[in-house]
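Let's take a guided walk through a protein model. Have the picture ready to turn as you read.

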Amino acid sequence: ISIIMESLFIMSPTGEVLIERHFRAKAIASRSTTCEFYWNEVNKADGILQDVPPILQVCKNGNQIYVISIQRDNISYLVACLGEISPLLVIEFLHRVASIFAEYFGSPCDENAIKDNFSTAYQLLEEMVDNGWPLTTEPNSLKAMIRPPSLVAKLEQVVMGSTSRSNAVVAETLPNGTVSNMPWRKAGVKYSHNEIYIDIIEEVDAIVDVNGRIISSDVSGSIQAQSHLSGVPDLMLTFKDPDVIDDCSFHPCVRYNRYEHDRVISFVPADGNFELMRYRVRNGSQLVNPPIFCTPQFNFGDYNGSSGGAVDGSLSVTIGMKPISSLIKTSGSFSVENVVVTIPFPKVIRTANLTANFGKVLYDESAKTAKWTIGKLDERKKMVLTGTMILTKDGKRPEENPPLQLDWKIPLASVSGLAVSGLSLTGESYRPYKGVRTITKSGRYQVRCN
């Protein structure tokens, strides 16, 4: 039987290999072949993980090895494959691995979270992959087999000893859903309060020029569900304007044929949190005009600062709210929250001294980046960051400045206007509590500098 995935690696933001798992005895894709090659590509991209192509090719001893990667929370997830395979299958599997880790170890699932749960990460990979093929990727099935780490469990292991059978992390029996036609749902689920919540989250990827004009943009969305329903409920979700949905993918619980014919989502939900579907917004590039602006200014040239020292450059970044936006608000006025500006500096910058009239600024000397955390915007004020920069001794004036990364979130707003018209339940006698909300947030939202 052919093996679709030969090896899997998880790397830290500094290039350290955190997890290494080979799915055959004599793996051709070694750590040196795969990880060192990948990290060389990261260095070529000036350390920006998102600029590394998701599919790379390397040759070793006449064998073509394809390195497929994703990035999540500054962690790189890599799979090495031999021969022609479906890259989207591997990319989707890597996203499942990252999501499972985040559900087990907490979000964000960073380097420390993986190191603190090293053994659990390997146990999860043992259950998720069989002979190089994806096997069990449903959170409910995995949680029935591998108990999520908790403080109580760790204390119990210390007190009772790791050899205690009652303290085993891995269950001795398969979960009930493993051999059923609904592996995503546990059997015999019961709740005293039955409820389901639906979040429609739309992400805006855009490139904005120095004058605030959007050069290119794309809008993708996802529907996240949180289900706490007893028994085996059968749900049907309907939309007011389903025509705005384009290029969608669904959770295995969704009956795809029903959606193709009637444009409704019929499903038996998984228990707990899960992603019901993903989609792209039709004509999304023509709809984007978020109610936030960012104006960065970099200036290079020697002058004397207030301290009397020679300073090689200065910068200022202004953040504020626009009076007009294309977003569709479901209630009230716009509220822009969780605003964070990431400022990458050219490599010729030795150090920078930054101050802001609002929020907190942290400058990382090693990574040459600054992170300005603002939080919630005040529509009556402009947030301003100013600072000075000192170049290295042999540093020349940079030819161009890296673009800024702007993160934001707007509750109760939508780009597409997609709204739920109904959520009905059959198969059970109870009437659950139902809630729906919309959120628009930034994806990869870049602002170019002068």
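Is Phe-345 buried or exposed? At 3% relative accessibility, Phe-345 counts as buried; here buried means under 20% relative accessible area, exposed means over 50%, and partly exposed lies in between, using a 1.4 Å probe and protein chains only. Before going on, note that this is a predicted model, where local features need pLDDT of at least 70, side-chain atom pairs count only at pLDDT 80 or more, and totals for chains, interfaces and linings use all residues. Residues are numbered from 1 along each chain as its sequence is written, and side-chain values use heavy atoms, leaving out hydrogens and water.

Phe-345 also has a partner. The structure holds 11 aromatic pairs, counted when ring centres of Phe, Tyr or Trp (its six-membered ring) lie within 6.5 Å; planes under 30 degrees apart are stacked, over 60 edge-to-face, and the rest tilted. Phe-345 and Tyr-363 make an edge-to-face pair, 5.5 Å centre to centre with 85 degrees between the planes. Phe-345 lies in the loop between strands E17 (337-344) and E18 (349-356) and Tyr-363 in strand E19, so the pair ties together parts 18 residues apart in sequence. Helices (H or I, at least four residues) and strands (E, at least two) are DSSP runs, numbered from the N terminus. Elsewhere, ring pairs link Tyr-77, Phe-101, Tyr-104 and Phe-105 into a cluster.

Now find helix H4, residues 118-128, where Thr-120, Ala-121, Leu-124, Leu-125 and Met-128 are buried. Seen down the axis of H4, these buried residues fall within an arc of 140 degrees, so they line one face of the helix; the arc is that of the directions from the helix axis to the C-beta atoms. An α-helix has 3.6 residues a turn, so residues three or four places apart point the same way. What covers the buried residues of H4 includes helix H2 (87-105), strand E1 (7-11) and helix H5 (139-145), with contact meaning heavy atoms within 4.5 Å.

Charged side chains come next. The whole structure has 17 salt bridges, each a side-chain nitrogen of Lys or Arg within 4 Å of a carboxyl oxygen of Asp or Glu. One of them joins Glu-126 to Arg-21, with the closest N and O atoms 2.7 Å apart. Glu-126 lies in helix H4 and Arg-21 in strand E2, so the pair ties together parts 105 residues apart in sequence. Glu-126 is partly exposed, at 44% relative accessible area. In helix H2, Arg-96 and Glu-92 sit 4 residues apart, about one turn of the helix, and their side chains meet in a salt bridge (3.6 Å, N to O).
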